[in-house]
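Me: I want to learn how to read pockets and cores in a model. Can we work through one?

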Amino acid sequence: MITDAQLAEYEEQGAVTIDGPLSTEELDKAEAAWDRLKADGGKPYDDPDYVDVIQHPYFEEVAKKVLRAESVHLWWGLAPHERPPWTKPFDSAHDQWAGGSHVDIQATWEDFQATPRRMRAELWFWVNEVPKDRGAMRILPGSHRPIMEHWSKILTPEHKKMLPRVHGIQSNPKEGSAAYPEHLPDLLDTPWLEQEPVPCTAKRGQILVLCSGGLHSAWQNKDSVPRKGMGTSWVANGVPCGLPKPQREDVLAYHKALRPKLRPERAHITPDNSDWVFETNYEPKWPEMFLPSHSE
């Protein structure tokens, strides 16, 4: 399971890697299912070996601990996530960080500290090794704390009620991007883009427990084989969550399709209603998040 020391690391750093529950034989089946889905473009919930991963009780129990919750359900689950070998000239580490660093989940510090935690628990399950140069995700340890404290300070009470929500934010948004001119200002002595992120390496079968309310980024894969991941996320029962309309529709359709494929005693991990997820889009913008050049 996840230890108290690992939970403390997650809360302090925003990420921790823990051991997973699958045997070598089970990992081989999971990776074969991953390979099949990537080859034929099938739906994850149509592959029994893939479904067996998400319904393993281990993930639910880890999510309960992370979220300080007595019960949890899937937010999103088991999309086969790939970081293929990079076929173009490699960008510098600085350029990759400057272009890719972002926050996925917007929540306040009070949301993160609540019991149950009003946040998403993200469990990235790796079905092959993730060495540094195989497109290992980069994170900025501890960045979730000042960022969430910032949202606590600047957001209006009305907007705080709409959290947590999926809302991609960058410190250097490009005009035309979904959130622009909303942005994440520099909050520390060293600007975000001048800091050096850390690669999240892992052994096969391990799980990255991530808080994507902190800065992180995809990374170019210098290896000759893909990084193979199964992305899954959870939320405490009773915590409402915000998603843009297309994502909300996709999540509800996914749960409806997955639920009958689960064993009866595991069906509870998919909600049987849509009350838990509300629509929150990139429009209208929130002025308190605007770049200084766009503030009144």
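Reply: We take the pockets, then the nonpolar cores. This is a predicted model: local features need pLDDT of at least 70, side-chain atom pairs count only at pLDDT 80 or more, and totals for chains, interfaces and linings use all residues. Residues are numbered from 1 along each chain as its sequence is written, and side-chain values use heavy atoms, without hydrogens and water.

Me: What is the volume of the largest pocket?

Reply: A pocket is an open set of points on a 1 Å grid over the protein atoms alone, where a 1.4 Å probe fits, with protein on both sides within 12 Å along at least five of seven lines; lining residues have an atom within 4 Å of a point. Volume is the space filled by probe spheres set on the points, which are joined across faces, edges and corners. Here it is about 590 Å³.

Me: Which residues lie nearest the centre of the largest pocket?

Reply: Trp 76, Asp 104, Arg 120, Glu 122 and Trp 124, out of 28 lining residues.

Me: Which residues touch the most other members of the largest nonpolar core?

Reply: A nonpolar core joins buried (under 20% relative accessible area, 1.4 Å probe, protein chains only) Ala, Val, Leu, Ile, Met, Phe, Trp, Tyr and Cys residues through side-chain atoms within 4.5 Å. Phe 125, Val 209 and Trp 234 do so, among 55 residues. A second, separate core has 15 residues, including Val 103 and Met 289.

Me: What does Val 209 touch?

Reply: Contact means heavy atoms within 4.5 Å. Beyond four places in sequence, Val 209 touches residues including Tyr 10, Val 62 and Glu 122. Glu 122 is also among those nearest the centre of the largest pocket.

Me: How much space lies in the second largest pocket?

Reply: About 210 Å³. Its lining includes His 94, Arg 138 and Trp 219.

Notes
Buried < 20%, exposed > 50% of the residue type's maximum accessible area, 1.4 Å probe, protein only.
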